[in-house]
Amino acid sequence: MPKFVKRALLLLVAIAMLPVSLYGCTGDTEPTPPVVGVSDSGSDPTAARSGELPEGNSVTVGIAQDLSNLDPQLAATAGIREVLFNIFEGLVKASPDGSVVPAVASDYELSQDGTTYTFTLREGVTFHDGEPVTAEDVIYSLERCAGSENDGTPLVSAFSNVSKIEATDDSHVVVTLAEPSLEFLYSMTAAIIPAGSGPSIATQLVGTGPFKFVSYAPQDELVMEKYDGYWGAAEGKGAKLDEVTFKIVADVNAMVIGLKGDALDMVIHLPNTLEGEVKDSFTVHQDTMKLVQALYLNNAVAPFDDELVRQAMYYAIDVDEIIDFACGGAGVATGTSMYPAREKYFLPELAHAYPQDVEKAKELLAQAGYPDGFGMKITVPSNYAQHVDTAQVIIEQLKAVGIAAELDLVEWESWVSDVYRGRDYEATVCGIAADDMTAREMLVRYMSDNRKNFIAFSDEEYDQVMAQALACIDDEEQTALYKRAQEILNERAASLWIQDACELVVMDPALEGFTFYSTYVLDMSTIGYR
Amino acid sequence: MRRKNWYLIVGAVLTASMLAFTAVGFFWTPYEPSAMSAADKYAKPCAAHLFGCDQLGRDILSRTLEGAGATLAIALAVLAVGALAGLAVGALCGYHGGAADALVMRLCDAVAAFPSVLLALVVLAVTGPGKYNVIAALGVLFVPSFARLVRGEFLKYRDRDFVRSAKLIGVSDLRIIFVHILPNIWPVLLSGLTIGFNNAVLAEASMSYLGIGVSATEPSLGYLLKDAQGYLFTAPWYTAFPAAAIVLLILGVSLLGEGVRERMGVGT
């Protein structure tokens, strides 16, 4: 039947074209130059800046998460705050050792009773649009933090304690607190913005920092350039680079490829397990991340609403093994919502309060009514390889007590909206960081009515202890209360606190001047070419 | 004398060995595929771990065995969904013709006009990742190609004398479709199936590679590749073995299909 064969052959040829079309689209992810691999949208090959290095004095930094809301006073995630640190400043700003140093204010004074802060504004500070910073701007900014532009809910939670903000003259601003607080000073890192700019600040980004905002393309990049009028420039605190581009690269492997392909000059928060891939040709800085990584459990959802279940899970896992697998042993066990860099508050004895004990775990599970374990789902943002690895190790360890956990990888954006904000999850692995060196930032969020309490932890004793601690003006007493609060988190196993993870900052060998901060901050102003 | 059909021989051997490899994985793996061992992180291929170990000290041979099983299972399921639905649509359209035929075929054109992985991406972005979602998404995308193939064949046969005679003596349409015509198009369908299988393997691998395929707790070959790419220089064997498994699987089935085709060609 020649006709049949002819027809069949024709059809075969037609079908043979199918793989061609398929190869056509799958192929895009593999052989194309690394430039496309690093750009999240994959649409803008001109984004590669390798060619500009020598003459441009610019740097492209790979960051893992998109910057969803650039309002400096609202910045929800640590990843946004560390970028905005370069553009905005408060009356004071964080310094590498975790204390605060004067910024827009040149000096400050705290009254004896701990309720009145007087700030002297620095002379010659200008916004990026060239306008000088006035007392009016400062008052506007602080009032906005206290909730003047929304329903009165403070944008910065510590501002709920503010009773009055006023200018005594052109260069002095007095903030009066309802309750005395020693820690309020750390909240004064809140960004100072031009008066009336609130509604547009998230898109215009006019601040006083060493870098000036240039542009932001969602899911792609944020560009900032050196601000020549920076007040600190005269003291040598100005930016050394002319331009910095934060490139959003949602995949660590793409980051490594981007580094090797010269599309990125610097990458932050790279898991230290990838050290072998980069150590030969780049400068590698290693440090802990200044955050608390944990298997965060939604305390509002069964079976995690049962303290026994949470404790059983804590006994089921082996924290040191997790650190070994996910961080090559370089992370530091925490045991509660505090990391070791905050020496004053850190309680090392909590780190191993739940040594791995499978029998005990099973016993507790049986008591809680789950003698055969249960099934659960761990939702993890896929752009953080370290959290993904950690979750995989935990899943293995939980198997031993009959808990069958499933791993659900989600995009960063949906993690923020569903897990962190929506609290629609069972368990998640992530890291929680804080802006400043007070214990407050790491602990206040677990008070039952705090809006950042995404694990929905609710404990009367904890709320009481925290309320006392917040109101306390005696440093020693306050520290003791904060320590007690940490113990409660550990005793109740509010979540399975694991470690302050380890990370790498990888840079082009021609760059120098990188400084680790003891808070979650990335200071680009000190970095420059040799 | 007939010359040796090397395509068929090599294809059959390769396919058979890959199938055997996968079959072994269903029943036995040297280690628990998800079991981690701190001492064996980045272990090079050696006697204890033939394919070496990954960043969490998991045995790559075990994971490749399991991954090949997952990939194969998904590919076959996709093929089954695509081929069965395509067969039904194609047969009905080809046999009956008319406005419905035109409409359905234009619909198929519309689906085929999108790059299939892109479409699957959209579907999975809505439904979320997971084995069954991947099967459903890819399965639907595979319908048009089969439908068109089958429809073409049915168009060819529907006016043949043996079909007309069958109609005259009152044989039902369904019986004509399945009993009288279908056996005739079997060889063409078989070739379509081998190519479809390869496409399914590749599509699953690329989707998992892009991170929208199977879940991490049940890795497929594509997922292993995704996981491995971060350690290309530290542990190149992690990438090499799963990749080799994909290549051999596809090469084998492609050659087999080619061999079958050549055999048909030589035979007439």
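How many cavities of 30 Å³ or more does the count come to? The count comes to 5. This is a predicted model, in which local features need pLDDT of at least 70 and side-chain atom pairs count only at pLDDT 80 or more, while totals for chains, interfaces and linings use all residues. Residues are numbered from 1 along each chain as its sequence is written, chains are lettered from A and ligands numbered from 1 in the order in which they are written, and side-chain values use heavy atoms, with hydrogens and water left out.

Rolling a probe the size of a water molecule over the atoms shows where empty space is left. A cavity here is a set of points, on a 1 Å grid over the protein atoms alone, where a 1.4 Å probe fits but cannot get out, and lining residues have an atom within 4 Å of a point. Grid points are joined across faces, edges and corners, and a volume is the space filled by probe spheres set on the points.

Start with the largest cavity, at about 240 Å³. It has 17 lining residues, and the closest to its centre are Val252(A), Asn253(A), Ala385(A), Lys226(B) and Asp227(B). Two or more lining residues come from each of helix 8 (252-260) and helix 13 (385-399) of chain A, and from helix 8 (221-228) of chain B. Helices (H or I, at least four residues) and strands (E, at least two) are DSSP runs, numbered from the N terminus. Where does the largest cavity lie? Domain 1 (54-64 + 209-288 + 509-529) and domain 3 (290-500) of chain A both give residues to its lining, so it lies between them. Those domain bounds come from an automatic or database domain assignment.

Now for the second largest cavity, with about 100 Å³ of space. Of its 15 lining residues, Glu82(A), His269(A), Glu503(A), Phe516(A) and Val521(A) lie nearest the centre. Strand 11 (266-271) and strand 19 (502-507) of chain A each give two or more residues to this lining.

Staying in chain A, look at the loop between helix 8 and strand 11, where Asp262(A) is found. Phi of Asp262(A) is near 75 degrees, a positive value in a residue other than glycine. Another loop, between strand 13 (291-297) and helix 10 of chain A, holds Pro303(A). A cis peptide bond links Ala302(A) to Pro303(A), with omega at about 0 degrees.

That brings us to helix 10 (residues 307-316) of chain A, whose axis comes within 8 Å of that of helix 12 (residues 358-368) of chain A, crossing at roughly 165 degrees. Axes are lines fitted to C-alpha atoms, for helices over the stretch in contact, and angles run from 0 to 180 degrees between N-to-C directions. Helix 10 and helix 12 of chain A are therefore roughly antiparallel to each other; angles under 35 degrees count as roughly parallel, over 145 as roughly antiparallel, 65 to 115 as roughly perpendicular and the rest as oblique.

Over in chain B, the secondary structure comes to 9 helices and 0 strands. The C-alpha trace of chain B spans about 75 × 55 × 30 Å along its principal axes. Helix 2 (residues 60-96) and helix 3 (residues 98-113) of chain B pack at about 140 degrees, with axes 8 Å apart, and are therefore oblique to each other.

Note on methods:
On a 1 Å grid over the protein atoms alone, a cavity is a set of points where a 1.4 Å probe fits but cannot get out, and a pocket is an open set with protein on both sides within 12 Å along at least five of seven lines; lining residues have an atom within 4 Å of a point.
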